[in-house]
Amino acid sequence: MVFTAVEKGDTDCVDQEGIDSIKSFLEKLKVTRLLIYPYAHLSSDLAPPRTARKIIEALENYAKAAGLQTVRAPFG
């Protein structure tokens, strides 16, 4: 499970870098499943909800394209 928060200024590039790091870590654990859990309490500088949802969906899509069996918890 990955707790995630999108902050002001974050872009889709953050997703690719994040998933690459997560995938590398999961490979060490021999794990191929990922749950993306939006968790706004991680930051006091959150992006607007529309932007955050778009980036989290991009994160999910990139994770799936990277070969991870990915599920995203509901947003909001």
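**Aromatic rings and a threonine**

Modeller: Let's start with Y37, which is partly exposed, with a relative accessible area of 34%; that label covers values between buried, under 20%, and exposed, over 50% (1.4 Å probe, protein chains only). This is a predicted model, where local features need pLDDT of at least 70, side-chain atom pairs count only at pLDDT 80 or more, and totals for chains, interfaces and linings use all residues. Residues are numbered from 1 along each chain as its sequence is written, and side-chain values use heavy atoms, leaving out hydrogens and water.

Colleague: How many aromatic pairs are there?

Modeller: There are three aromatic pairs, counting rings of Phe, Tyr and Trp (its six-membered ring) with centres within 6.5 Å; planes under 30 degrees apart are stacked, over 60 edge-to-face, and the rest tilted. F3 and Y37 make an edge-to-face pair, 5.5 Å centre to centre with 75° between the planes.

Colleague: Which strands hold F3 and Y37?

Modeller: F3 is in strand β1 (residues 2-4) and Y37 in strand β2 (residues 33-38), so the pair ties together parts 34 residues apart in sequence. Strands here are DSSP runs of E, at least two residues, numbered from the N terminus. Ring pairs also link F3, Y37 and Y39 into a cluster.

Colleague: Changing topic, is T70 buried or exposed?

Modeller: T70 counts as buried, at 9% relative accessibility. T70 belongs to strand β3 (residues 69-72).

Colleague: And what does T70 touch?

Modeller: Leaving aside residues up to four places away in sequence, T70 touches L34, I36, E60, A63 and K64, where contact means heavy atoms within 4.5 Å.

How values were computed. Helices (H or I, at least four residues) and strands (E, at least two) are DSSP runs, numbered from the N terminus.
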